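The sequence and the structure come first, and notes on selected parts follow.

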Amino acid sequence: MLDLELRDSSVLICDDSTTNVLMLKALLESEGLSRITALTDPRQVLPALREHVFDVLLLDLEMPHVHGLALM
């Protein structure tokens with residue numbers, strides 16, 4: 001189980017695979033994280049970053065439209 005400080009982290013996940021996003025979100029939730037935003041379209045990442053501050057960004061590298069490295 002993660003310590004209290006890490007469990008309060010805000011996480012943004014982006015992967016073009018819905019299955020991967022759901023599995024990673026479920027894994028993080030099982031560790032006590034609850035502030036998770038999950039996206040499957042990399043074109044939504046920059047607007048999300050403009051609206052919210054995230055502590056952790058988990059990106060797939062090989063995605064259509066925008067490559068994960070380009071987002072970083």
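Is D41 buried or exposed? D41 counts as buried, because its relative accessibility is 19% and the cut-off for buried is under 20%. The model is a predicted one.

## D41 and its surroundings

D41 sits in the loop that runs between β2 (35-39) and α3. Its side chain meets that of R43 in a salt bridge, with 3.0 Å from N to O. A polar atom of the D41 side chain also lies 2.9 Å from the backbone nitrogen of R43. While D41 is buried, R43 is partly exposed, with a relative accessible area of 48%.

Beyond its neighbours within four places in sequence, D41 is in contact with C14 and H65. H65 belongs to the loop between β3 (56-59) and α4 (68-71), and counts as exposed at 59% relative accessibility. From C-alpha to C-alpha, H65 and D41 are 8.3 Å apart in space, although 24 residues separate them in sequence. With neighbours within four places again set aside, H65 is in contact with D41 and R43.

## Salt bridges

Side chains of opposite charge can pair when their charged atoms come close. The structure holds 3 salt bridges, one of which is the pair of R43 and D41.

Another salt bridge joins R35 and D8, whose closest N and O atoms are 3.6 Å apart. R35 lies in strand β2 and D8 in the loop between α1 (4-7) and β1, so this pair ties together parts that are 27 residues apart in sequence. R35 is partly exposed, at 38% relative accessible area, and D8 is partly exposed at 48%.

E29 and K25 also form a salt bridge, the closest N and O atoms being 3.6 Å apart. Both belong to helix α2 (residues 18-30), where a spacing of 4 residues separates them by about one helical turn. Each is partly exposed: E29 has a relative accessible area of 39%, and K25 has 27%.

## Nonpolar cores

Which residues make up the largest nonpolar core? This core has 8 residues, namely L12, C14, L39, V45, A48, F54, M63 and L71.

L12 is in contact with T37, L39, V45, A48, L49, F54, V56, L57 and L58, leaving aside neighbours within four places in sequence.

## S10 in strand β1

S10 has its place in strand β1. At 7% relative accessibility, S10 counts as buried. Its contacts, apart from neighbours within four places in sequence, are R35, V53, F54, D55 and V56.

## A nonpolar surface patch

Nonpolar residues also occur on the surface: L46, L49 and L57 form a patch there, with about 210 Å² of accessible area together. L46 is found in helix α3 (residues 45-51) and counts as partly exposed at 39% relative accessibility.

Definitions and conventions
Residues numbered from 1 in each chain as written. Predicted model: local features only at pLDDT ≥ 70, side-chain atom pairs only at ≥ 80, totals over all residues. Heavy atoms only, no water. Patch = residues over 30% accessible without salt bridge, like charges linked within 9 Å, V, L, I, M, F, W, Y side chains within 5 Å. Areas by Shrake-Rupley, 256 points an atom, 1.4 Å probe, with all protein chains shown as cover. Salt bridge = Lys/Arg side-chain N within 4 Å of Asp/Glu carboxyl O. Helix = DSSP H or I, 4+ residues; strand = E, 2+ residues; numbered from the N terminus. Buried < 20%, exposed > 50% of the residue type's maximum accessible area, 1.4 Å probe, protein only. Polar contact = N/O pair within 3.5 Å; in protein donor to acceptor, adjacent residues only side chain to side chain. Contact = heavy atoms within 4.5 Å. Core = buried A, V, L, I, M, F, W, Y, C linked by side-chain atoms within 4.5 Å.
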